[in-house]
Amino acid sequence: MKKLVLTFLGCFVFLSISAQRVGPPAPYGALPTEPQLRWQELEQYVLVHFTPTTFQNKEWGYGDADPKIFNPAKFDASQIVNAAKDGGFKGVIFVAKHHDGFCLWPTKTTAYNISASPFRNGKGDMVKEFEVAARKAGMKFGLYCSPWDRNNEDYGKPEYVEKYRNQLRELYSNYGNLFITWFDGANGGDGYYGGKNEKRSIDRSTYYGWDKTWGISHELQPGAVIFADNGDVRWVGNERGFANETSWATFTPEPIAGKAVAVPGETDSEKAQGGTRNGKFWKPAECDVPLRNGWFYHANEDNNVKSVSELFEIYLKSVGRGAGMDIGIAPNTDGVLHQNDVKALKDFGDFLKKLFTDNLAQSAVITASEIRGENQIFFGTKNLTDNDRYSYWATSDEVKKATLTLEWKTAQTFNIIRLRENIKLGQRIEKIEIDAFINGIWKKVGEATSIGANRLVRLPNYITTSKLRISIKESPVCIALSDVGVFREPEHLALPKIKRDKDGNVSITTETPVHQIRYTIDGTEPTVQSPIYVSPFPFLTSGDVKVKSFGTDMKSSETVVQAFNVYKKDWKIVTASFENEEKEKALNAIDENTETFWSTADNTSLTPLPQSMVIDMGQEMEITSLSYLPRQNGTGGIVKNYQWEVSTDNITWKTVAEGEFANIKSNPVEQNITLKASAKARYIKFIGKTSVDGKYITVAEIGVKTK
């Protein structure tokens with residue numbers, strides 16, 4: 001017995017000496033900090049927008065809202081937080097102050113805060129209620145306090161910066177440990193500053209003194225990452241929720257053209273989408289996108305909540321590319337999430353649970369073409385399926401290409417491969433290929449470029465095989481892979497796609513065949529009793545077409561909703577900011593084609609802004625809402641400040657709506673303006689007062705809805 005013990009101890013000592021002799025791989029490139037590591041592990045969180053802006057039915061508040069309108073009678077932070085938790089999200093960022101300047105905690109820095117509202121009889125602290133709800137649910141908590149303040153009388157002066165820093169000190173001192181302190185680049189512009197309706201500009205590179213301002217976060221919340229264009233976590237550069245196919249966690253921020261310093265709002269966002277290979281800093285991407293079209297609640301978007309399929313696509317292109325998934329959720333005026341939002345989150349969370357419950361790689365025998373120092377304990381393949389992100393399989397320093405082979409006793413069916421590197425050693429791998437053993441030969445079924453903290457490769461189709469091979473094709477240094485996962489995505493019926501042609505006929509298709517497609521046009525949910533889609537049908541009014549796919553078992557897909565404006569067959573362009581020869585191009589604004597657009601930049605004798613177009617709808621209608629779709633391929637000429645006028649005779653005009661399309665540059669979705677009261681009109685005039693880029697306007701589509 002003593003001999004056996006001595007032998008075992010001798011082997012352990014030998015392995016220990018061997019491991020020390022070989023040693024771990026040297027780190028490569030920029031490396032994450034401890035807070036960044038914790039952030040990478042989190043993967044999913046939500047961003048909650050709720051201010052008086054909600055009660056104004058606006059996307060960005062102007063700073064002029066009366067605090068008395070803020071009184072959500074059924075407010076329940078736990079309902080909101082737990083809905084996010086059910087969606088698989090692990091953190092909550094609450095917007096403590098948005099651009100409207102209204103502070104949702106009883107701050108000492110401004111009277112424009114929750115104490116001036118009827119909420120909780122003036123004794124409320126919504127930041128605290130969200131923090132308590134998040135802690136109770138086991139969720140991480142973070143805060144966003146907007147640098148831009150459209151209400152504060154001192155905005156633009158040095159005095160405001162000190163007020164703002166004091167707001168951060170209050171937030172970072174009184175609400176426990178935060179996982180993230182969130183900043184954005186919307187700074188300076190028009191507002192209601194101290195009651196003065198005016199525009200105020202700032203020098204973004206110097207005004208906030210970012211080093212000192214962010215120093216407050218470093219001092220009071222050392223465990224938090226800072227999100228900003230050039231923060232510890234970078235903005236991905238779009239609000240679609242997608243990182244690039246090749247996505248590097250390393251990044252070297254560069255300023256936009258004409259600027260010398262990269263700061264929030266003036267960092268080159270195009271380069272942020274993919275990061276910088278061998279960048280100076282570890283600055284992984286956050287992919288932020290609202291659950292609906294906008295960040296704030298709007299009742300007309302109740303049927304425009306993202307589906308499980310849409311959310312999973314975002315997940316694959318954010319979390320699945322080493323980034324973070326930040327979904328915007330917004331309570332309604334009662335102070336709770338709408339039932340459609342709650343259901344969408346729950347369905348998505350259930351989908352993820354079902355997907356990741358069974359990692360087929362754990363039942364496979366995994367062999368590697370080479371193991372560092374032949375040390376199975378420290379660098380072997382068992383580390384790939386132990387659910388530890390920082391144990392890893394590694395190759396010798398000189399081995400930069402290698403293969404892993406997974407073999408099962410019986411054939412397995414799957415379509416998703418997950419790979420993770422030990423990012424404590426940097427982001428190393430640049431290309432992999434995936435082969436499956438099918439019909440006696442190896443067949444390439446997938447590939448990917450960057451890996452990093454997390455990479456999900458979704459194969460085009462389910463495959464069934466007993467052997468899978470993962471080949472690392474390109475890496476500047478030896479390999480340090482921490483995880484291999486193989487999963488079968490839950491099967492679901494193909495979602496219908498709904499289109500209306502120029503003649504007003506609606507067609508419904510699916511990418512793969514389904515048993516039945518059923519639809520409704522009266523606002524109700526499609527059921528097995530609803531009409532079966534057989535061929536295109538006319539839909540010449542405004543309203544929603546709702547559709548579901550059905551299988552042979554009559555189980556259905558998610559509901560797909562397509563909102564249509566009034567059909568435009570008889571519409572004509574009367575006048576616009578163009579010469580007569582450009583009139584044909586103006587028809588792009590009413591051609592039912594989202595990919596075409598009209599631009600006043602096409603006119604060589606362009607008049608200064610504002611610019612406009614007048615449309616004859618062919619008959620008098622009672623309009624309830626108007627819509628503007630910005631161009632979908634660039635930002636030039638996208639309208640920011642707008643005005644709508646209507647007329648029954650093209651002589652007498654009445655203004656029915658005016659304001660700003662807030663955040664339209666980053667989130668260029670259709671802008672729907674619901675009128676305070678319906679208006680009779682045959683003619684509509686759309687006026688673009690200002691644009692986000694350039695001194696001209698562009699229009700992809702103009703639309704109206706009727707009673």
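# Close-up views of aromatic rings and a helix pair

**View 1. A cluster of aromatic rings.** In this predicted model, ring pairs join Phe50, Phe55, Phe70, Phe75, Phe94, Phe102, Tyr112, Phe119 and Phe130 into a cluster. Rings of Phe, Tyr and Trp (its six-membered ring) pair if their centres lie within 6.5 Å, and planes under 30 degrees apart count as stacked, over 60 as edge-to-face and the rest as tilted. Residues are numbered from 1 along each chain as its sequence is written, and side-chain values use heavy atoms, with hydrogens and water left out. Because the model is predicted, local features need pLDDT of at least 70 and side-chain atom pairs count only at pLDDT 80 or more, while totals for chains, interfaces and linings use all residues.

**View 2. The ring pair of Tyr315 and Phe356.** A search of the whole structure finds 41 aromatic pairs. In the pair of Tyr315 and Phe356, the ring centres are 6.2 Å apart and the planes stand at 45°, so the pair is tilted. Distant parts of the chain are linked here, since Tyr315 belongs to helix H9 (residues 308-317) and Phe356 to helix H10 (residues 339-356), 41 residues apart; helices (H or I, at least four residues) and strands (E, at least two) are DSSP runs, numbered from the N terminus. Tyr315 counts as buried at 5% relative accessibility, whereas Phe356 is partly exposed, with a relative accessible area of 22%. Buried means under 20% relative accessible area, exposed over 50%, and partly exposed in between (1.4 Å probe, protein chains only).

View 3. Phe379 lies in helix H11 (residues 376-379) and Tyr392 in the loop between H11 and strand S14 (393-394), so the pair ties together parts that are 13 residues apart in sequence. Phe379 counts as buried at 5% relative accessibility, and Tyr392 counts as buried at 10%. Arg372 lies over the face of Phe379, at 6.0 Å from the ring centre, where a charge sits over a ring if NZ of Lys or CZ of Arg is within 6 Å of the ring centre and within 35 degrees of the ring normal.

**View 4. Arg488 and the ring of Tyr462.** Arg488 lies over the face of Tyr462, at 5.7 Å from the ring centre.

View 5. Ala77, Ser78, Ile80 and Val81 in H4 meet Glu129, Phe130, Ala133 and Ala134 in H5, with contact meaning heavy atoms within 4.5 Å.
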